[in-house]
Protein chains: 2
Amino acid sequence: MSRFLLGILGGMGPLATVDLMQKIIEETPAHSDQQHAPVVVWNVPQVADRQQALAGTGPSPLPQLLHGVRRLNGAGASHILIACNTAHHWYGELAAASRAPLLHIADATLDSLRPERGERIGLIATQGTLDAGWFQQRIAALGGETLTPLPQEMREWFVPGCYAVKRGDLRGGGELLSRLAQALAARGAARLILACTEVPPAFAAIDSPWRSVSVDPTRALARAAVRHWLAYRDGV
Amino acid sequence: MSRFLLGILGGMGPLATVDLMQKIIEETPAHSDQQHAPVVVWNVPQVADRQQALAGTGPSPLPQLLHGVRRLNGAGASHILIACNTAHHWYGELAAASRAPLLHIADATLDSLRPERGERIGLIATQGTLDAGWFQQRIAALGGETLTPLPQEMREWFVPGCYAVKRGDLRGGGELLSRLAQALAARGAARLILACTEVPPAFAAIDSPWRSVSVDPTRALARAAVRHWLAYRDGV
């Protein structure tokens, strides 16, 4: 049995995990089932709400996330991906509890998005991800500048758009999230990072015109995982 | 942590597993992430080719399938689904090795498809699934009749269509498989069972007109799993 095994800590939400799995398959050059990466997935959505936890209005999801990481290690995962931007808030604790290394979604994203000097990048993300600063710090280190949503834009468009996706209303969510993309572009964002895993499926559902100027961290994470798989598979 | 946990033995192919996961989510009435079923997935495609094994031209996949079932049990699965019709050939051995009960895809399918007395049902499946007779026996027990593809139709349409999907050519596969659907309908099949997990995504990719008269065993299996989840979640 292969010693290479991608582990996915998912369930946040369950559809975002399916989206990551689909993108790993799409990004893999393969002529047969057997050439695709082996993946074990913990798609268990009984995790305390990340946005509420970081707002101080709900319990921490850390115990459930640690449980998932332990199960993935127990199943033999050699590399772990977290299929949720916001859950990267607990990256340090999870990495410390894991034998398998955890890839970071912001590292993977900045590998795909190389900002020009002075370029303004719009960041669509939960308040927790915005506050954490992972994307902003990496963009600044490369000479770019990050535009983030205003509090009112978060309240009226981001939060209801995100929860619409979670209850299966991808089109409704896509319309709300597109308004936020429009507002960031109007303030000068040349490109966008869709740094909440609910956003790319919502934009796909309405075939949003913002997709053409967006970087999808889920796809970037899939590409990073596939690079590891191909290095193992093809021995390079 | 929940004692309910769906386990999916997947990887055959990896896209068919993603399709089953997506359908489990679609079939679940839910207003939040937390209301969706917890799922652990063994999406490891390094499994010997099932069609070749049953044709006597390749090694048995049983050792790899048993490994997957053991890993799912080790991760705490309470019910196991096999995301591949053909792999149900080893259902008995896998069920015997599993603490968690295994749902059978043909049982789930016949719950969705109630044949009329004398109704002709077309069966699109691998040679291994056709030879096993699971679907035919259940259809006959309910008074229906099964139409199966001719050897030439398997050679020219089914096998190349199925392997086209496995290498990512969903549209090409969908076109070939639609010709087989057409031939079965021309011989009197009123409805079709798409009893190979590669077929429903291929028909979806080309929005095949045959979808309207087809039963999708992947969706039927998803529904059976969701019934178990709702009984647990809602305590009914």
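**Group meeting: a cis bond and a positive phi**

Hi everyone, let's begin in a loop: A:Gly13 sits between strand 1 and helix 1 (14–26) of chain A. Helices here are DSSP runs of H or I with at least four residues, strands are runs of E with at least two, and both are numbered from the N terminus.

A quick word on the ground rules. This is a predicted model, where local features need pLDDT of at least 70 and side-chain atom pairs count only at pLDDT 80 or more, while totals for chains, interfaces and linings use all residues. Residues are numbered from 1 along each chain as its sequence is written, chains are lettered from A and ligands numbered from 1 in the order in which they are written, and side-chain values use heavy atoms, leaving out hydrogens and water.

So what joins A:Met12 and A:Gly13? A cis peptide bond, with omega at about -15 degrees. Over in chain B, the bond from B:Met12 to B:Gly13 is cis too, with omega near -10 degrees, and B:Gly13 lies in the loop between strand 1 (6–9) and helix 1 (14–26) of that chain. As background, most peptide bonds are trans, and most residues other than glycine have a negative phi.

A:Asp207 is not a glycine, yet its phi is positive, about 45 degrees. You'll find A:Asp207 in the loop between helix 10 (199–205) and strand 7 (214–215) of chain A. Is A:Asp207 buried or exposed? Exposed, because its relative accessibility is 57%; the cut-offs are under 20% for buried, over 50% for exposed and partly exposed in between, using a 1.4 Å probe and protein chains only. B:Asp207 also has a positive phi of about 45 degrees, and at 55% relative accessibility it counts as exposed.

Back to strand 1 of chain A, residues 6–9. A:Leu6 and A:Ile8 point one way, A:Gly7 and A:Leu9 the other, and all are buried. Strand 1 pairs in the parallel sense with strand 2 (residues 39–43) over four bridges, where pairing takes at least two DSSP bridges. Within that pairing, A:Ile8 has A:Val41 as its bridge partner.

Finally, the whole chain. Chain A has 11 helices and seven strands. Its radius of gyration is 17 Å, close to the 18 Å from the globule rule for 236 residues, so chain A is as compact as a globular protein of that length; the radius is taken over C-alpha atoms, and the rule is 2.2 Å times the number of residues to the power 0.38. Of those 236 residues, 60% count as buried.
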